[in-house]
Amino acid sequence: MTSSNDGKISELKKIIATSDKIVAFTGAGFSAESGISTFRGAGGLWSRYDPNIYANINIFMQDSSYYWNFFKDERYPVIKKAKPNDGHYVLVELEKLGKLYRVITQNIDGLHQVAGQSDVIELHGNTRKIYCLNCEKTYNLDETYKLLQKELPPKCSCGGNLKPGTILFGEPLPQAALEMARIAAQNCDLFLVLGSSLVVYPAASMPRIAKNNGATLVIINIDPTPMDEIADLVINNSASKILSTVIKRG
Ligand code: APR
């Protein structure tokens, strides 16, 4: 690691040592090392699947076969195989140390919970939770994939249409999660952005809410973000590697 990185690492160590109400705000970059594509940038998911077709609520309600083909060919196999990475386990460690106040995630992979994290605020839903639009019966990944072998779009046992538990573009975010995230951002002493381009709202409004309420803002992201200018510390590197360097797992 280059010297400037060493300086930033020791600065991050100091900031974490003096913080005890930390919010971790994760994006697709945090799950990249679990084998899940990010959305934007080179090789991002949206360069292979047009989100206006494959992840849009209006298209979904007209013809959900686009989404379900995307689920069958991409979402299911990738999420099914994915395992939490070191970064996920370091956050669990931070929780055990009593320093982690909340995890706010834009990710829909459920890997924080698989790693043993409690108190995860999911702003964009969870792809492992599928439900019937008619009777609200819920299905998990495997049950849904099995139904898809029989017919696409998949049908509930009541005959109703199934919908993924993920928030599609054009859909409002779950209000309770949004409100909990805002409260967490307003009441933390360190807001740690981990692997997000910070371009999708209202999620991307959280770092500024935290900053405006006196929190220290740290961004660990490979590429620059529009929030770097208001951040106290920016580290353009792997979130999992940096966290594992700064916080040792028990
Ligand atoms: N460590 C840190 N940062 C990383 C890593 C890594 N290992 N790998 C990639 N990144 C960074 C990239 O530089 C990029 O800026 O992660 C960022 C991921 O950005 P996006 O793909 O835009 O993902 P995200 O910010 O989570 O997107 C927000 O957009 O498409 C919607 O609903 C979807 O929740 C998603 C939202």
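How many of the residues of strand S1 (residues 22-26) are buried? Five of its five residues are buried, and the strand is mostly covered. This is a predicted model: local features need pLDDT of at least 70, side-chain atom pairs count only at pLDDT 80 or more, and totals for chains, interfaces and linings use all residues. Residues are numbered from 1 along each chain as its sequence is written, and side-chain values use heavy atoms, with hydrogens and water left out.

**View 1. Strand S1 is covered on both faces.** Ile-22, Ala-24 and Thr-26 lie on one side, Val-23 and Phe-25 on the other, and all are buried. Buried means under 20% relative accessible area, exposed over 50%, partly exposed in between (1.4 Å probe, protein chains only). Strands (E, at least two residues) and helices (H or I, at least four) are DSSP runs, numbered from the N terminus.

**View 2. S1 pairs with S2 and with S7.** Two strands pair if DSSP finds at least two bridges between them. Five bridges join S1 to strand S2 (residues 100-105), running parallel. Phe-25 stands opposite Ile-104 in S2. Strand S7 (residues 190-194) is also parallel to S1, over five bridges. Here Ala-24 has Leu-192 as its bridge partner.

**View 3. Three strands form an open antiparallel sheet.** The order is S5-S4-S6. Strands S5 (138-139) and S6 (162-166) are the edges, each pairing on one side only. Helix H5 (residues 65-81) packs on this sheet and touches S4 and S6. Contact means heavy atoms within 4.5 Å. Four antiparallel bridges join S4 (residues 125-132) to S6. Ile-130 stands opposite Pro-164 in S6.

Key
Axes fitted to C-alpha atoms, helices over the stretch in contact; angles between N-to-C directions.
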